[in-house]
Amino acid sequence: MRYREYMLRASRLDRLIQEQTQYRQLVNNLTNKWMTYASHEDTVIVYDLDIIKKKLDKTTKEIKELTDYLDES
């Protein structure tokens, strides 16, 4: 793999890990869970937990794929 491609994928991996961490922190700050919804303890914004879970699953899958690809290179 060329250096440029490696750095692009490594940068993408870093951004995905940061995004995953932010979503997990968000989920930890949610309260008043009702059905698939919950509100943020500070801002009181209501979030759909199903959408957050799907986004976390997608991010986790892409992180695994990128990690495997970079480890093989």
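This is a predicted model: local features need pLDDT of at least 70, side-chain atom pairs count only at pLDDT 80 or more; totals for chains, interfaces and linings use all residues.
Tutor: Residues are numbered from 1 along each chain as its sequence is written, and side-chain values use heavy atoms, with hydrogens and water left out.

Student: Why is the contact between E5 and R9 called a salt bridge?

Tutor: The term asks for a side-chain nitrogen of Lys or Arg within 4 Å of a carboxyl oxygen of Asp or Glu. For E5 and R9 the N to O distance is 3.2 Å, so the pair qualifies.

Student: Where do E5 and R9 lie?

Tutor: Both are in helix 1, residues 3–28, and they are 4 residues apart, about one turn of the helix. A helix here is a DSSP run of H or I with at least four residues, numbered from the N terminus.

Student: What makes E5 partly exposed?

Tutor: Buried means under 20% relative accessible area, exposed means over 50%, and partly exposed is in between, using a 1.4 Å probe and protein chains only. E5 comes out at 29%, so it counts as partly exposed. R9 has a relative accessible area of 29%, so R9 is partly exposed too.

Student: And what makes D68 and K64 a salt bridge?

Tutor: Their N to O distance is 3.0 Å, so they meet the rule. Both sit in helix 2, 4 residues apart.

Student: Is K64 buried or exposed?

Tutor: K64 is exposed, because its relative accessible area is 52%. D68, at 35%, counts as partly exposed.

Student: How many salt bridges are there by this rule?

Tutor: The count comes to 5. One of them joins D57 and K53, at 3.3 Å from N to O.

Student: How do you know that the charged end of R9 sits over the ring of Y69?

Tutor: The test is NZ of Lys or CZ of Arg within 6 Å of the ring centre and within 35 degrees of the ring normal. The charged end of R9 is 4.2 Å from the centre of the Y69 ring, and the contact is listed as sitting over that ring.

Student: Why is helix 1 called roughly antiparallel to helix 2?

Tutor: The two pack at an angle of about 150°, with their axes 9 Å apart. Angles under 35 degrees count as roughly parallel, over 145 as roughly antiparallel, 65 to 115 as roughly perpendicular and the rest as oblique, so helix 1 is roughly antiparallel to helix 2.

Methods
Axes are lines fitted to C-alpha atoms, for helices over the stretch in contact, and angles run from 0 to 180 degrees between N-to-C directions.
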